[in-house]
Amino acid sequence: MAGITLIDREGRRFALAGTGPWRIGRQNICDVQIPDDPYCGRTQCELRLDGNKAILSPISRSPTQIDGREIQSASPLADGSLITFGQTELRVEMDSSAPHAAPRPAPRPQTIPPGPMPSPIHGSMTIGREPGADGLALDHPAVSRRHAILHGGGDPRIEDLGSTNGTYVNGERVRGSQRLAEGDSIAFGPLRFMFSGGTLREPRKAGKVAIAADAVCFDVPAKGGRKRILHGTSLRIGRGEFVCLVGGSGAGKSTLMNLLAGRRQASVGTIRVEGVDIAREFESIKQSMAFVPQREVLHEHLTVRRALGYIAELRLPSDTPRAERDAAVAQAIVDVELTQQADTEFHRLSGGQKKRACLAAEILCRPKILFLDEITSGLDEQTDFEIMQLLRRLADGGTTVVCVTHTLANIQRFCHRVVIMGSGGHLTFSGAPDDALGFFGIERLGDVFPMLTRDKAPGWAERWQQRDDGVDGDGEPATTSQFQRQRMPAGRKLAVGLHQFSVLLRRNVALLAADRGTLGLVFAQALIIGVFVGWALSDFGEGMMAITSRKTLLMLLVVSSIWMGCNGASKDIVGEAEILQREKDVNLAMGAYLAARMLVSSVFVLMQCGLLFALVYGLSEEIPGGVPQQLALTFAAGLMGVAVGLLISAASSTPSQATSIVPLVLIPQLIFIGTVVPNLPELLAGIAETAIPSNVLNAAMTAVYVENDGPIMELDFATGQRVPLETASLGGLEATVLVHYLLFVLATYGVLLFRYRSGRNA
């Protein structure tokens, strides 16, 4: 049967039988699928046989060329014609049984560097997913609909339009607009161009290397100085390779991967990703990379589809239509083969399914490079096989996959390259798994570990360094020009923050509603405390006993409200630390995160405090000082507890650590409240008056009591005489409460910024 064969740069062949038409593009429905070219349109072009002619018709706004000439309409092909678009080249091979094709014209010399823009820009051009008729279309989910504007002419500038994932010039994010110089590297999210000849050009990469490490070392603090845990490592990882890092405990494999992924910075040496120095331009290149940690990073009580939906809202540009987000989520679920479990809560999945779901979260934005830390840890042999098969399929689709693993059963079957680390952090081999057997003289990979002990590893590392790795060069890093930082307009920054706040707010509410067990327990706490406090103080007694009972009731309202707020919020942040770190690595605004977390936690504790207050009001003899003001101060105590709890949560490393810190914070609130210990030492009394929130709130409640029911005569324990109950000014106490609250909020924000620095504290 007549037909055509298309051959790409890698030698892959796409045999097309019949007469067509055949569609070429990134979508799954295309007959020739190009999934690894971000500049290729969903449907780039259409090929068909028309009688005795082969015809190519452009569809996407991204230019399509035949033999170096851009085509605007249906154009003939010949045997040997070269079809180019984006980063893709397809050579046409006409089958001998195909209809006679037109003679192939002499190819024009290719003098223009590759890239979607063939001529200089003299006016202004909008760049984005849907930039308009005269703009440059970049079909990638991480690119905003209208991402940036390039102003050409004698004073070329690039202006960011408030894009979600940013515009970068030489690794620095553009805040507003930035003047361009010849050779500047410009990135729109994960897509990188060079400004050359007055236009944008996608720089041709030399060779096929995605990651290049040169003489990389890593040192850690040790007694008496520094200790080197990774020794001079030079490594090349090709595009579309599936690479496994293996080695015994202490071999430095996780350290090496964290360095390659930019989560740590090398002490010595350089690492380049797609030709870019990762230490210098991490913020721009991180959009091209995804990292799957060993721990699962999806919320336990959300379904897979819902959890991925919120992730898509946060990571994809805010102007992405819901239909496109849903399609991206659905495709990610299909890619990891979780269609049947899409509406299952994450905690109900098996170990292997959880790994797949976490993987789906990271491929939503189509990263070029995927890092995975022990993704097969704890899985049975069959599940390990399935995960490795899935990773190989992603690599075959064009994604570079780097995986740390200690399971060797399926490496030879699925991996392109194995990197073997010896004890003490020495690189001893990098190459095809079968070649490793010959290099070490072993029959199976598992036999290599006894040969790489601390005393033997340096010898093998030296032997390996004497061999040629046989990997192509890695290209030249981008030229750097001076960058003048400008602030992003406040309106755009606010819009991004509000969008993330809205998404996080809805997600937090969904998480709260989904965890019904915890929800019931915390309301039961308020119910039980309210019943016991109200019941215990149902009769205040007479005389001095009544005064003491009233003061005790106010104290218990304060302490109970602070405790409920603090206890509930203390695990909010640390409980999703891995999720928060990953989202911060991508594009999360920490202010939006804290605001959403505080709002949901605050509303929740206000409901608890309201229930507590209602029960005490109904069961006790009365509320001293009146209901409205004391209710407001009870709410203030709950909000103060939330602020304290979130600070504990932000500063804690684990949920159990946060649980242990809570009593250490709350017990002083009880001791220094004044009602419990009426004769505090002078220094502690001074601290309590200004620095202990519970004491200030209790004093404010007492001031309300005195203002409304006074004068109040109480017993002076020192003299045994009755004296008027004196309090500080209510207005001053309320101002102090507000200052305490704001200080805790600001401290929490500062701790979050420090602990969750993007990509650098893992």
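**Helix packing in the predicted model**

The buried residues of α19 pack against α13, α14 (590-619), α15 (627-651), α17 (682-691) and α18 (693-709). Buried denotes under 20% relative accessible area, with exposed over 50% and partly exposed in between (1.4 Å probe, protein chains only). Helices are DSSP runs of H or I, at least four residues, numbered from the N terminus. The model is predicted: local features need pLDDT of at least 70, side-chain atom pairs count only at pLDDT 80 or more, and totals for chains, interfaces and linings use all residues. Residues are numbered from 1 along each chain as its sequence is written, and side-chain values use heavy atoms, without hydrogens and water.

In α19, the buried positions are L730, L733, V737, H740, V745, T748 and L752. Helix α19 covers residues 730-755. Its 26 residues should span 38 Å at 1.5 Å a residue, the expected span being 1.5 Å times one less than the number of residues. The end C-alpha atoms lie 38 Å apart, which agrees.

D585 belongs to helix α13 (residues 577-586). This residue is buried, at 5% relative accessible area. The D585 side chain makes a polar contact with the Q581 side chain (2.8 Å); such a contact is a pair of N or O atoms within 3.5 Å, where within protein one must be able to donate a hydrogen and the other to accept it, and residues adjacent in sequence count only if both atoms are side-chain atoms.

Helices α11 (residues 516-536) and α12 (residues 544-569) pack at about 170°, their axes 11 Å apart. They are therefore roughly antiparallel to each other (angle over 145 degrees).

Conventions
Axes fitted to C-alpha atoms, helices over the stretch in contact; angles between N-to-C directions. Helix = DSSP H or I, 4+ residues; strand = E, 2+ residues; numbered from the N terminus. Parallel < 35°, antiparallel > 145°, perpendicular 65-115°, else oblique. Contact = heavy atoms within 4.5 Å.
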